[in-house]
Amino acid sequence: FIDSMVYYYGGGEEFPKALFSYRNDTLDGVVEKYYENGELKMKGVNKDDWRDGVEIHYYPNGDTSYVYQYKKGELHGSFISYYQSGQVHQTGKYSNDQTDSLWTTYYTDGTVSYQVSYKDDELHGPYIYSEYGSTTPTYEHEYYEGDIHSYKHYMDDGSLINQSERPSSGDFNFESFYSNGLLRTIGTFDKDGNRIGNWKYY
């Protein structure tokens, strides 16, 4: 049979705290949680005792704060969060309870702050950051299965400050540049960030 159970703040029946739906004594159906002011805090769905489907969370004023998708109790599908202004804060994707694919974070004016790629909950692919107000990236990193393999740092005008690539040896070949684009430094860092070998300065 189908039944529901409502919990209240303060033990009374004036301000509901949460509502759960059951089928044959198993969580199955709509679940809702509320703020003390009576505004909806969260709304989702359970199926056979698992979170399953879209789950929406709200700010105390009723505006949406973030939206998850679940599949048999695991985060699976698109994710989106919002600033209280309603502007999108972050978008991404989960796969089998792990961060996956491209995640994008925005400033409050809607411009992009971060773009980060994941695979199986690890950084994998481009990692790009842009300072607020900049029209070009501040730095670009490239990851493979959680390990950084290259990076580039830029000035505000988009010219290159320094760059590094990691060949199969595991050490980083590093170069830095003057503001006019001419080469300034060449050297090598080990995987722990320590300078090794011969360095040249120009």
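Which residues make up the largest nonpolar core? I noted first that the model is predicted. I then found that this core has seven residues, namely Tyr107, Val116, Leu123, Tyr127, Tyr129, Tyr139 and Tyr143.

I next looked up which elements supply them. Two or more residues come from each of β13 (122-129) and β14 (139-144). I recorded β13 as giving the most to this core, with three residues.

I also listed the contacts of Tyr107, leaving aside its neighbours within four places in sequence. Tyr107 is in contact with Tyr83, Gln87, Val88, Val112, Ser113, Tyr129, Ser130, Glu131 and Tyr132.

I then noted a second, separate core, which has six residues, including Tyr68, Leu75, Phe79 and Trp103.

Strand pairing was the next entry. In what sense do strand β15 and strand β16 pair, and over how many bridges? I found that β15 (residues 147-154) and β16 (residues 160-165) pair in the antiparallel sense over five bridges. Within this pairing, Ser150 has Glu165 in β16 as its bridge partner. I recorded the two strands as a hairpin with five residues between them. In the turn, Gly158 has a positive phi of about 95°.

I followed β16 to its pairing with strand β17 (residues 172-177), which is also antiparallel and runs over four bridges. Here I noted that Ser164 stands opposite Phe174 in β17.

Conventions
Residues are numbered from 1 along each chain as its sequence is written. This is a predicted model: local features need pLDDT of at least 70, side-chain atom pairs count only at pLDDT 80 or more; totals for chains, interfaces and linings use all residues. Side-chain values use heavy atoms; hydrogens and water are left out. Two strands pair if DSSP finds at least two bridges between them. A nonpolar core is a set of buried Ala, Val, Leu, Ile, Met, Phe, Trp, Tyr and Cys residues joined through side-chain atoms within 4.5 Å. Buried means under 20% relative accessible area, exposed over 50%, partly exposed in between (1.4 Å probe, protein chains only). Contact means heavy atoms within 4.5 Å.
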